[in-house]
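The sequence and structure come first.

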Amino acid sequence: GAMPGPPLKQYELTLQNAQRVLISLLEQPAKPWVPFDALLHELGQQLALLRRRSAACQLQRGLRAARARRAEGQTWRGSDQR
């Protein structure tokens, strides 16, 4: 499997630093960012993918919780009818 990455806090701090860089670029007059235009495009794609994965995980978690609640309800009703 994949090697474990840095702790989540380190990821968060790195992303916050990246956000500061992007904010700084946005505060400058508009111009083409030719030296790292491809990097910005790739970052955008990766961010979109992370957001989709996160949304899918949240949906799966919600579905599992709903199934568990439904199973508990059936067990409870089943034992109540005996």
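## Salt bridge

A salt bridge is a side-chain nitrogen of Lys or Arg within 4 Å of a carboxyl oxygen of Asp or Glu. Side chains of opposite charge can pair when their charged atoms come close. In the whole structure, the search finds one salt bridge. Its partners are Lys-9 and Glu-12, whose closest N and O atoms are 3.4 Å apart.

Both Lys-9 and Glu-12 belong to helix H1, at a spacing of three residues, about one turn of the helix. Glu-12 has 39% relative accessibility and therefore counts as partly exposed (buried is under 20% relative accessible area, exposed over 50%, partly exposed in between, with a 1.4 Å probe and protein chains only).

## Basis of the model

The model is predicted: local features need pLDDT of at least 70 and side-chain atom pairs count only at pLDDT 80 or more, while totals for chains, interfaces and linings use all residues. Residues are numbered from 1 along each chain as its sequence is written, and side-chain values use heavy atoms, with hydrogens and water left out.

## Overall build

The protein has two helices and zero strands (DSSP runs numbered from the N terminus: helices are H or I of at least four residues, strands E of at least two). Helix H1 covers 8-27 and helix H2 covers 37-80. Of the 82 residues of the protein, 2% count as buried.
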